[in-house]
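Please have the sequence and the 3D view open side by side. The paragraphs below go through selected places in the chain.

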Amino acid sequence: MHREVIRLSALFILMLLVQVLICNHIALFNVAVPIVFIYFIIRLPMNIGNGLLFTLSFLMGLCVDICSDTPGVNALACTLLSALRKPVFFAYVPRDDKTKNIIPSMSTLGVATYCKYLISMVGIYCLLAFTIEYFNFADVKDIVILSACSCLLTFLILLAIDCLIINRE
């Protein structure tokens, strides 16, 4: 348990720093923004309690909001993403005793299942975040373009991060 808390704390801090110091300053062709900090929410163990899950997700989003000058956008989107996490996961993985304690990764789920889970989570977050940020359905085209491009870029980066972690382990 102690090792797990240290691992989660390190991942929280690392993803926050990478997002704030590096990724917030990247906008490929002004349409694709890498959003790597959600990897923390995606990789949390499935047996984590909802109270702790929502608290950690909200705090992660709030920290990014404070450093990015986006009042509440990421905090709300992260909290909503954490609420949708288990339904999305169990849409691709059967509910049984083996999967209730699993940490989602390429090595635990397999490449195809993990890619479906990852792209779903990233897509949901991007749609939520850009819809909340724009808060105007007159800009649906912009929301869809930003969401799709950011989703693809973020998916590729998070897949690469997961491959690096698997190779290191």
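The model is predicted, so local features need pLDDT of at least 70 and side-chain atom pairs count only at pLDDT 80 or more, while totals for chains, interfaces and linings use all residues. Residues are numbered from 1 along each chain as its sequence is written, and side-chain values use heavy atoms, with hydrogens and water left out.

A pair of aromatic rings is described by the distance of the centres and the angle of the planes. Here rings of Phe, Tyr and Trp (its six-membered ring) pair if their centres lie within 6.5 Å; planes under 30 degrees apart are called stacked, over 60 edge-to-face, and the rest tilted. The count by this rule is 5 aromatic pairs. In one of them, Phe 37 and Tyr 125 have ring centres 5.8 Å apart and planes at 90°, so this pair is edge-to-face. Phe 37 is in the loop between H1 and helix H2 (39–42), and Tyr 125 is in helix H6 (residues 111–134), 88 residues apart. Helices are DSSP runs (H or I, at least four residues), numbered from the N terminus. Both Phe 37 and Tyr 125 are buried, where buried means under 20% relative accessible area, exposed over 50%, and partly exposed in between (1.4 Å probe, protein chains only).

Phe 89 and Phe 90 also form an edge-to-face pair, with 5.1 Å between the centres and 80° between the planes. Phe 89 is buried because its relative accessibility is 0%. Ring pairs join Phe 89, Phe 90, Tyr 114 and Tyr 117 in a cluster. Arg 95 lies over the face of Phe 90, 4.3 Å from the ring centre; for this, CZ of Arg or NZ of Lys must be within 6 Å of the ring centre and within 35 degrees of the ring normal.

Val 36 is in the loop between H1 and H2. With a relative accessible area of 1%, Val 36 is buried. Leaving out residues up to four places away in sequence, Val 36 touches Met 15, Val 18, Gln 19, Cys 23, Ile 157 and Leu 158, a contact being heavy atoms within 4.5 Å.

Ile 103 lies in the loop between helix H4 (73–92) and helix H5 (106–109). Its relative accessibility of 22% is why Ile 103 counts as partly exposed. The C-alpha atoms of Ile 103 and Pro 45 are 4.3 Å apart, although 58 residues separate them along the chain.

Leu 17, in helix H1 (residues 2–21), is partly exposed at 45% relative accessible area.

Notes. Helices (H or I, at least four residues) and strands (E, at least two) are DSSP runs, numbered from the N terminus.
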